[in-house]
Amino acid sequence: GAPDDFCGAIGNYQMTARVSPSNLTTDDAVTVNMSIRGNGDGRQVIPTNFAWPQSFDVYDPKTKNEDSGENGGEIQHVKEVDFIALPTAAGQYSIKPSLSYFNTDSSKYIQLAINPVNITVRQGTNKPRRTNISPSDAATDDIRPIKTVTNLKSFRKPFFGSLIYW
């Protein structure tokens with residue numbers, strides 16, 4: 001019976017989130033920085049992607065900072081996570097970052113969310129980004145082919161018993 005945005009946290013948590021930028025083009029990315037703070041086992045806190053508009057390509061969340069410690073007999077945990085998404089179409093969108101956790105005091109799932117943030121997306125150039133390495137250079141510099149032919153030679157005199165050995 002866990003909600004879709006259940007992050008695995010069990011205990012008592014608070015969440016803040018920041019969305020930037022609020023004006024962008026289809027060539028730019030929007031970042032949601034989410035900070036989760038509370039008591040419980042922080043290793044279990046794995047934020048999932050919340051409900052994004054359909055015209056966004058959403059990447060896996062990346063943990064930016066993680067810290068835990070004991071305070072008054074309770075484990076306090078702070079985790080900062082960045083969500084990155086690329087808009088594929090121009091328009092007005094509303095993003096509402098959220099996550100759910102299980103509260104042990106009330107034995108219920110609690111959803112934490114911020115007020116919806118409005119984002120304006122303008123049409124960009126949609127030009128592919130250039131890289132400094134051409135595909136042919138990348139293939140030859142990245143991994144060299146395995147040598148299948150060897151050229152082994154035997155030494156004339158053995159090392160054992162030689163003048164250098166003694």
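How many helices and strands does the secondary structure of the protein come to? In this predicted model, the count is 1 helix and 10 strands. Of the 166 residues in the protein, 30% are buried. The protein exposes about 12100 Å², and 51% of this area is supplied by carbon and sulfur atoms. Contacts across the sequence were examined as well: among those between residues at least 6 apart, 69% join residues at least 24 apart.

The pairing of the strands comes next. Strands of a sheet pair through backbone hydrogen bonds, and they can do so in a parallel or an antiparallel way. Both kinds are found for strand E1, which covers residues 6-20. With strand E8 (residues 98-103), E1 pairs in the parallel sense over 3 bridges; here Ile10 stands opposite Phe102 in E8. With strand E3 (residues 30-39), E1 runs antiparallel, and 9 bridges join the two. In this second pairing, Val19 stands opposite Val32 in E3.

An open sheet of 3 strands can also be traced, in the order E2-E10-E7 and with mixed pairing. Which strands stand at the edges of this sheet? They are E2 (23-25) and E7 (91-95). Each has a single partner strand, so one side of each is left without a neighbour in the sheet. Neighbouring strands of this sheet are turned against each other by 30° on average, direction ignored. E7 is joined to strand E10 (residues 117-122) by 5 bridges, and the two run antiparallel. To follow this pairing on the structure, a reader can look for Ser94, whose bridge partner in E10 is Asn118.

Finally, the surface was considered. A nonpolar surface patch of about 730 Å² is made by Phe159, Phe160, Ile164, Tyr165 and Trp166. One of these residues, Phe160, has its place in the segment after helix H1 (135-142). Is Phe160 buried or exposed? Phe160 has a relative accessible area of 64%, and because a residue counts as exposed over 50%, Phe160 is exposed.

Definitions and conventions
Residues are numbered from 1 along each chain as its sequence is written. This is a predicted model: local features need pLDDT of at least 70, side-chain atom pairs count only at pLDDT 80 or more; totals for chains, interfaces and linings use all residues. Side-chain values use heavy atoms; hydrogens and water are left out. Patches are made of residues with over 30% relative accessible area and no salt bridge: like charges are joined within 9 Å, nonpolar side chains (Val, Leu, Ile, Met, Phe, Trp, Tyr) within 5 Å. Accessible areas come from the Shrake-Rupley method with a 1.4 Å probe; for residues, only the protein chains shown count as cover. A salt bridge is a side-chain nitrogen of Lys or Arg within 4 Å of a carboxyl oxygen of Asp or Glu. Helices (H or I, at least four residues) and strands (E, at least two) are DSSP runs, numbered from the N terminus. Buried means under 20% relative accessible area, exposed over 50%, partly exposed in between (1.4 Å probe, protein chains only). Two strands pair if DSSP finds at least two bridges between them. Axes are lines fitted to C-alpha atoms, for helices over the stretch in contact, and angles run from 0 to 180 degrees between N-to-C directions. Contact means heavy atoms within 4.5 Å.
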